[in-house]
Amino acid sequence: MFFKSLISRVIILNILLLTVGIGTFTLFHIRREQIHLIGATKESAELLLATVERAIFNSMRVGNSEDVQAILEMVGRSHSLTNVRIFHPDGTILKSARPHEIGGPVDSFDLALFQNQRAEGIFRVNGEEVLGIVKPIVSDERCFLCHGIGRKVIGVLNLNFSLADTTRRLRDSSQFFMISTVFIIVLLSVGVSFILLRFLRSPISTIAARMAEVEAGDLSVRMNPRNDDEMGSLMRSFNSMVDNLEKAKQELERYHYRQMERADRLASVGEMSTGIAHEIKNPLAGISGAISVLANDFPESDPRRTIVHQVLEQIARLDKTATDLLHFGRPGKPEFSFADINAMVKKTLFFVSQHPEARNIHRVQELTRDLSSVWVDEKQIQQVLFNVIINAIQAMKGGGTLTIRTDSVQKEGKEFVRVFITDTAQGIPPEELEKIFIPFHTTKTQGTGLGLPICRQLLEQHGGSISVKSSVGEGTTFAIELPVDNGPAPGPEEGSHVQA
């Protein structure tokens, strides 16, 4: 649980970075201190070596070899020196601060320094580090009397300098740096952790808790930002978001309430309209028949015939209105069968072409071949197509182009057949576009406002949908979608018949 927290991971990463960064710097500083201490030790040893070499040369020049031994024994009393000697190039000790080793072999590592032409080296002797320095003694003109003519190495001055003090100081310095490093890492880690927990984790936990309350439905939750930093800005944004959510919720509740009232009224109107339609259609049929019989008694030239025709047109209009009310209030049960959407479009366009208002309309068909058959009630879908196409034609009062296009599309793993009906009329204003599917809403002087709502109702019964896009001055496009279905599964009798 601890490692799942973002703040915990940040703290751990911060401690690791501090440890690596400060630890690397400390190791570099310790190494630098070690080089500095060893360098200072070498400088001291080389200075002592030069002093001893000068004293020995002065004694040897006057032929006083006993003073050389005395000088080596005096210098060898220093606690920082483990030994001072002069040995022959073959490794035999000639003079030494330790008289008992005169005539014996020099230490192998000291002889190796000379033979490898190295001036210095660090070795471990009896568990203690020692700095060994060798310097060949070369004869010159002043030495020819005793050592013969010619420049040659007549001896090797060897000084072994103890590094115990240097090692101890280096160890003390390293311990100090390590303790300081640990202290600084702990101090910085605790400080950064406190800052993250106090000023980041606590506000984030508060915001998360408040968001959980909002998610549970409590929109009265608010936060009190204490600082003007990023967390304070986030809290103020949270308060603003919750305010907007509360306003939106109230607006949705009001809208939902209005829609429920409207739905209730529409349901009542639907039931009432169904009863009224039944009560109106039968008398209208009788009236229409009676007037037709009366009209037959009038001569062809009788002006009353014109009045009778006008009455019959109004009766037909009332009958259509009653039929629309009946279909909207109690739509018929669809009778499904396989149908070709392109064939239905062509048949609908044939009927539409007989309409008087379709004379000045140029019709364009862009029908995709080999579309899958749809499982629909062909009469109801043809009614939908007819209604939408007639609306498009009536919108193009001065003429225009009607384009019918079909295709198929995959949506959510399911195939849909689509019909696009496009006109070149003036388009529908945005404020009217939201209302065209509302029952009884119409902009026509003659109409019930039930055509498009009935179309939507019929398509929803088929699992389809209808949508519209329109731009003022450019025209309108209605999109009708129907799912491709394999029809009902064969029953037991059908299955046995197929097998037979």
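The legends below describe an overview and several close-up views of a predicted model.

**Figure 1. Overview of the predicted protein model.** The protein contains twelve helices and twelve strands, and of its 500 residues 33% are buried. When contacts between residues at least 6 apart in sequence are considered, 64% of them join residues at least 24 apart. The accessible surface of the protein comes to about 31,300 Å², and carbon and sulfur atoms account for 57% of that surface.

Figure 2. Thr-26 is part of helix 1, which covers residues 6-61. Because its relative accessibility is 5%, under the 20% cut-off, Thr-26 counts as buried. A polar atom of the Thr-26 side chain lies 2.8 Å from the backbone oxygen of Ile-22. If residues up to four places away in sequence are not counted, Thr-26 touches Phe-177, Met-178 and Thr-181.

Figure 3. Ile-137 is 50 residues from Phe-87 in sequence, and the C-alpha atoms of Phe-87 and Ile-137 are 10.0 Å apart in space.

**Figure 4. Close-up of the largest nonpolar core.** In soluble globular proteins, nonpolar side chains tend to be buried together. The largest nonpolar core of this model has 39 residues, of which Val-388, Leu-402, Ile-421 and Ile-480 touch the most other members. Among the elements that give two or more residues to this core are the helices 8 (341-353), 9 (378-395) and 11 (451-461). Strand 8 (374-376), strand 9 (400-411), strand 10 (414-423), strand 11 (465-471) and strand 12 (475-483) likewise each give two or more residues to this core. Helix 9 supplies the largest share of the core, namely eight residues.

**Figure 5. Close-up of Val-388 and of another core.** Val-388, one of the residues that touch the most other members of the largest nonpolar core, is in contact with Ile-421, Leu-452, Cys-455, Ile-466, Phe-478 and Ile-480 when neighbours within four places in sequence are left aside.

Note on methods: Residues numbered from 1 in each chain as written. Predicted model: local features only at pLDDT ≥ 70, side-chain atom pairs only at ≥ 80, totals over all residues. Heavy atoms only, no water. Helix = DSSP H or I, 4+ residues; strand = E, 2+ residues; numbered from the N terminus. Buried < 20%, exposed > 50% of the residue type's maximum accessible area, 1.4 Å probe, protein only. Contact = heavy atoms within 4.5 Å. Areas by Shrake-Rupley, 256 points an atom, 1.4 Å probe, with all protein chains shown as cover. Polar contact = N/O pair within 3.5 Å; in protein donor to acceptor, adjacent residues only side chain to side chain. Core = buried A, V, L, I, M, F, W, Y, C linked by side-chain atoms within 4.5 Å.
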